[in-house]
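I opened this notebook to record what I looked up, entry by entry.

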Amino acid sequence: VQSSEPIITLTTDFGPSAPYVAAMKGALLSVNSEARVIDLSHSIPPQDLRYTSFFLKHSLRFFPEGTIHVVVVDPGVGTSRAILCVELEGHKLLVPDNGCWTEWAALSRSVPRVWQLTEKRWWRPDVSPVFHGRDIFAPAAAHLSRGESPAQLGKPAASWHRLALPTPTLNQGHWEGEVLFTDEFGNLLTNLPGTALLQQGVPPLNITIAGVTVNRVVRTYGEAETGELIALVSSSGNLELAVVQGSAAVRLGAGTGTPVTVRWNIESTPKEVTTAK
Amino acid sequence: VQSSEPIITLTTDFGPSAPYVAAMKGALLSVNSEARVIDLSHSIPPQDLRYTSFFLKHSLRFFPEGTIHVVVVDPGVGTSRAILCVELEGHKLLVPDNGCWTEWAALSRSVPRVWQLTEKRWWRPDVSPVFHGRDIFAPAAAHLSRGESPAQLGKPAASWHRLALPTPTLNQGHWEGEVLFTDEFGNLLTNLPGTALLQQGVPPLNITIAGVTVNRVVRTYGEAETGELIALVSSSGNLELAVVQGSAAVRLGAGTGTPVTVRWNIESTPKEVTTAK
Amino acid sequence: VQSSEPIITLTTDFGPSAPYVAAMKGALLSVNSEARVIDLSHSIPPQDLRYTSFFLKHSLRFFPEGTIHVVVVDPGVGTSRAILCVELEGHKLLVPDNGCWTEWAALSRSVPRVWQLTEKRWWRPDVSPVFHGRDIFAPAAAHLSRGESPAQLGKPAASWHRLALPTPTLNQGHWEGEVLFTDEFGNLLTNLPGTALLQQGVPPLNITIAGVTVNRVVRTYGEAETGELIALVSSSGNLELAVVQGSAAVRLGAGTGTPVTVRWNIESTPKEVTTAK
């Protein structure tokens, strides 16, 4: 199904109460009042490009071809950093040249086509050096939605910044990774390959975070008891640590950046032990 | 008026900053890019089914016939709990079988028709056991919006969970109830029948909460002075306790679950008293 | 471009989790299911009319002609305060008569036409005295979007409340102003005329806030170092104080209402000085 009215998604760190999101929506709809605006989030932690990278990687790919994405997390607003228009797999993305989009692009086997926005005739007349979201991104997205091509908005970009999320390492038979993202429930999403590590047939694991060993591996939260600390495969395929109906972040005092270690538990076969009570 | 483009409302506990809401919207629009997505709330307190029940009861009924509602507050995600499609008074509701919808349904004199989602061909191909919102609810809602019938999505449900909000009791001439909901203003919405208790002709009431007696009964906030503790009929018809331009929750140290007692003040007729200053 | 489907924006202080916004959207779409609802903010600080005034001033003007704006920040709900329909430069605004819209209107050279909503036939049948947003504003906006004229909704208003944001004063060669708004980043937006004060050719300024002198004047955040306290022209043209990739609000312990003084630094020309290290 292809809509006659284009979809434009918005992702910013402007927060829920400032007038900035509203101003952007107005500027956008002033150029194309038919555009359908979809809020992804306006509560990205301020200027957090790693967070943005994680966010985009795990959301944009679910949208249909033809979607236009506007991403304004932009510590470099008003400096000489470029504004890019990226075309990839039928999506168009307007984004500051700060690399927050490259992890998303790396999911694809296609090569992105990238332009720099340089054609000021598509912008608002007086561009504030501190609000390109309203004065450049919004009208540019609206013009794209009306059928202008990226090539009309600027010139091909020869290079751009990349931002890689930290990757885990495999050292002498154990994995070392870290927490990439903490969600509203206090679940800790790591960069460790959950699908590979937790699949059937793999020996039991010794998962350590913040000095605590996570012993229980489950498929979903409801398989364990309320309050239990568990490991599972997250909805993005990575290793996730959670507390059933509670917050692993609070329980462990952990969050984005906390190291996580995974060892194969080669001594996990039952043996005779003496335990003192 | 019947729109050619169907309305799909979203209610979740995913929070404002995670990529989960964005992923759901993408999955939905990938199936029907014409759907009109309306956010109800994504800040339901995590996994709080009673809150969800209150929320749905006081919002869904205002929507027009033909609306599709998606509710993902789902502590049991990935377990054997069913996902239901409920049809009632021209609304269709997709919801985990956890009872959060039954108070809404109880407002109607009609009998809901209920199905279990079982037909996997309408789902995303790889269903994550921890993200049915993206992989089942979103595409199922989009298919409903394209004209598929609930019967095509699954099979009739023989039974389902119910969740009743706590009801007040009438004991020896006094009511005992509790706070059901605390809003952004700190207003305390109780489960006591405000319209019946506060109507004209009823004798004065003695309303007690958190050790404090609420003496002032008004029709609206502005009838009392700033800072005054008042009782009134809430917008949902229940007894509400509030502080004018302040927070009753903070003033009283009260919140959801705090008991509230109402007695008829039979000694309220003026009589001769001696007061010491 | 003029859309066939009217745009209705919503601005409230109802917060992200209460069912009030949802109920309003339902009541609106029940009257006109074709309306396109655009959220501006539902996180206006509760009952804060000055905040609302600032918010509307810096957002509504970016919307296209034909937009209908619904603003429900309404400490006087249910009292005798009127509900106004304001028509100005092709925008229609529904708003309580509390003045929060007059700073926006003052941006225009046109004279607003103002009506009082009095025609109850356009309202929901049972109007709650504490929820006019759902029972009056929402259906009235939807009827406007279906082509009813303001004159059909009520009668011309002879007068209305005005709310002026505090203006700076020029005393004996120095400006005294204050912070009007603190955004999500901790940036402090003042009421001082940034464009005039910071333009080229003006002598260096001595900007003082919370006992601290701001020495660095820049065009945009990225021109200074991380952590530096800077002054610049905000996106609304006023003097803004910020900390690069940090929070000026936190650093200075400042916020809305904090006084700001600006003097021309007439002794700023370099002179011979002895400095002790």
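Entry 1, charged pairs. I began with Arg219(B), which I note as partly exposed because its relative accessibility is 47%. The model is a predicted one. Arg219(B) forms a salt bridge with Glu223(B), the closest N and O atoms being 3.3 Å apart. Glu223(B) is likewise recorded as partly exposed, with a relative accessible area of 36%.

I then looked up Asp74(B) and Arg81(B), whose side chains meet in a salt bridge at 2.6 Å, N to O.

Arg113(C) belongs to strand S6 (residues 113-117) and Glu87(C) to strand S4 (residues 83-88), so the pair ties together parts that are 26 residues apart in sequence. I logged Arg113(C) as exposed, at 51% relative accessibility, and Glu87(C) as partly exposed, at 21%. In chain A, salt bridges that share partners join Glu87(A), Lys92(A) and Arg113(A) into one network. Over all chains, I recorded 33 salt bridges.

By class, the side of chain A that touches chain B has 16 nonpolar, 12 polar and seven charged residues. The contact takes 35 residues from chain A and 35 residues from chain B. The two chains bury about 3000 Å² between them, with 59% of it on carbon and sulfur atoms.

I compared its length with expectation: at 1.5 Å a residue, the 14 residues of H4(A) (residues 132-145) should span 20 Å, and its end C-alpha atoms are 18 Å apart, which agrees. I find 14 of the 14 residues of H4(A) buried, so the helix is largely enclosed by the rest of the structure. Gly147(A) follows H4(A) and has a positive phi, near 110 degrees.

I located Asn32(C) in the loop between helix H1 (20-31) and strand S2 (36-41) of chain C. Asn32(C) counts as buried, at 4% relative accessibility. Its side chain is joined to that of Ser145(C) by a polar contact of 2.8 Å.

How values were computed
Residues are numbered from 1 along each chain as its sequence is written. Chains are lettered from A and ligands numbered from 1 in the order in which they are written. This is a predicted model: local features need pLDDT of at least 70, side-chain atom pairs count only at pLDDT 80 or more; totals for chains, interfaces and linings use all residues. Side-chain values use heavy atoms; hydrogens and water are left out. Contact means heavy atoms within 4.5 Å. Buried area is the accessible area (1.4 Å probe) that two parts lose on being put together, summed over both. Ala, Val, Leu, Ile, Met, Phe, Trp, Tyr, Cys and Pro count as nonpolar, Asp, Glu, Lys and Arg as charged, and the others, Gly among them, as polar. Helices (H or I, at least four residues) and strands (E, at least two) are DSSP runs, numbered from the N terminus. The expected span of a helix is 1.5 Å times one less than its number of residues. Buried means under 20% relative accessible area, exposed over 50%, partly exposed in between (1.4 Å probe, protein chains only). A polar contact is a pair of N or O atoms within 3.5 Å; within protein, one must be able to donate a hydrogen and the other to accept it, and residues adjacent in sequence count only if both atoms are side-chain atoms. A salt bridge is a side-chain nitrogen of Lys or Arg within 4 Å of a carboxyl oxygen of Asp or Glu.
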